[in-house]
Amino acid sequence: MPDRTHDFGHYGARGERGSEAAARVLDSLAGGITSPVTSRRGLAARLRYLTRSPAGYDALREADITVTPRTMKAWLAGTQRPNKANLAKIDAAYRALRRRNVARYLLRRLNANGGTRVEIHPLDQSHVPTPRQRVLEYRRLNIRNWDAIIDAWARQEAQALDNAWIDQMVNLGSQWGKYEYVSAVGFAA
């Protein structure tokens with residue numbers, strides 16, 4: 001069985017970790033506010049989402065946003081605008097809360113009917129010298145249990161997500177190491 005890749009891209013291969021690609025797909029399935037946080041509409045929508053529940057205020061505290069209630073009221077009213085650092089923290093707090101709120105729904109959706117089929121597109125070897133290229137093909141895998149993947153994604157723990165993803169990739173057989181890095185991952189539920 002192959003070990004994990006330690007020196008990815010040494011010969012010019014391009015791609016990203018499969019877990020990162022899966023996290024991006026999960027983010028798109030989670031949906032949310034599409035206006036950027038720098039726009040008036042995007043900021044107002046994020047602040048409303050974060051200030052309508054105690055969990056939202058917890059997310060703001062976890063993102064290190066420590067402003068007075070008066071400042072928060074001014075932000076909500078639109079009479080005062082947060083600085084760039086606080087805008088980034090507000091966006092991070094929104095994303096973290098959105099992930100936690102959507103995680104149970106996504107878990108039910110992805111585990112339904114025996115799991116969800118995942119399409120794995122191999123890494124890009126166009127810049128690898130011909131003698132060093134490996135034979136890679138597009139693969140499909142049915143992931144039946146998404147619990148560990150969704151849990152790590154919701155907690156935003158990259159290492160735990162990578163470990164959970166690799167635990168599923170092992171089901172590809174003895175060649176799973178070829179698909180640790182990919183050009184794309186796709187699944188729809």
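Biologist: What makes threonine 79 count as exposed?

Modeller: In this predicted model, threonine 79 has a relative accessibility of 67%, and since the cut-off for exposed is over 50%, threonine 79 counts as exposed. The residue is found in the loop between H4 and H5, and its C-alpha atom is separated by 15 Å from that of arginine 48, which is 31 residues away along the chain.

Biologist: Which residues of H4 are buried, and how do you know on which side of H4 they lie?

Modeller: The buried residues of helix H4, which spans residues 69-77, are Thr71, Met72, Ala74 and Trp75. They cover an arc of only 160° around the axis, and therefore they lie on the same side of H4. The face turned away from that buried side carries the exposed residues Pro69, Arg70, Lys73 and Ala77.

Biologist: What covers the buried residues of H4?

Modeller: The cover includes helix H2 (40-51), helix H3 (54-62) and helix H5 (84-111).

Biologist: Why is the pair of tyrosine 49 and tyrosine 94 called edge-to-face?

Modeller: A search of the whole structure finds two aromatic pairs, and in this one the rings are 5.2 Å centre to centre with 75° between the planes. Tyrosine 49 lies in helix H2 and tyrosine 94 in helix H5, so the pair ties together parts that are 45 residues apart in sequence.

Biologist: How do you know whether tyrosine 49 and tyrosine 94 are buried or exposed?

Modeller: Buried means under 20% relative accessible area; tyrosine 49, with 12%, is therefore buried, and tyrosine 94, with 1%, is buried as well.

Biologist: What makes the pair of tryptophan 146 and phenylalanine 187 tilted?

Modeller: The ring centres of tryptophan 146 and phenylalanine 187 are 4.9 Å apart and their planes stand at 50°. Planes under 30 degrees apart would count as stacked and over 60 as edge-to-face, so with an angle of 50° this pair is tilted. The pair links distant parts of the chain, 41 residues apart: tryptophan 146 sits in the loop between strand S3 (139-143) and helix H6 (147-155), and phenylalanine 187 in the segment after strand S4 (181-186). Both residues are buried.

Biologist: Which residues have the most contacts inside the largest nonpolar core?

Modeller: Those residues are Trp146, Trp165 and Phe187, in a core of 35 residues. The elements that give two or more residues to this core are helix H1 (18-30), H5, S2, S3, H6, H7 and S4, and the largest share, seven residues, comes from H1. Leaving aside its neighbours within four places in sequence, tryptophan 146 is in contact with residues including Leu107, Leu110, Val118, Trp165 and Phe187. A second, separate core has 16 residues, among them Leu47, Tyr49, Leu50 and Ile65.

Biologist: Why is one side of strand S1 and of S3 left without a neighbour in the sheet?

Modeller: The open sheet of four strands has the order S1-S4-S2-S3, with antiparallel pairing. Strand S1 (16-17) and S3 stand at the edges, each with a single partner strand, so one side of each has no neighbour in the sheet.

Biologist: How do you know that S2 pairs with S4 and with S3?

Modeller: At least two bridges are needed for two strands to pair; strand S2 (residues 116-122) and S4 have four bridges, while S2 and S3 have five, and both pairings are antiparallel. Histidine 121 stands opposite alanine 184 in S4, and the bridge partner of isoleucine 120 in S3 is arginine 139.

Biologist: Which residues form the covered face of S2, and which strands does helix H7 lie across?

Modeller: The covered face of S2 holds Thr116, Val118, Ile120 and Pro122, whereas Arg117, Glu119 and His121 are on the uncovered one. Helix H7 (residues 158-169) lies across S1, S2, S3 and S4, running at about 110° to S3.

Biologist: Why is glutamine 168 called buried?

Modeller: Glutamine 168, placed in helix H7, has a relative accessible area of 16%, and because buried means under 20%, the residue is classed as buried. Not counting residues up to four places away in sequence, glutamine 168 touches Leu141, Ile143, Asn145 and Ile149.

How values were computed:
Residues numbered from 1 in each chain as written. Predicted model: local features only at pLDDT ≥ 70, side-chain atom pairs only at ≥ 80, totals over all residues. Heavy atoms only, no water. Buried < 20%, exposed > 50% of the residue type's maximum accessible area, 1.4 Å probe, protein only. Arc of directions from axis to C-beta. Contact = heavy atoms within 4.5 Å. Phe/Tyr/Trp six-rings, centres within 6.5 Å; stacked < 30°, edge-to-face > 60°. Axes fitted to C-alpha atoms, helices over the stretch in contact; angles between N-to-C directions. Core = buried A, V, L, I, M, F, W, Y, C linked by side-chain atoms within 4.5 Å.
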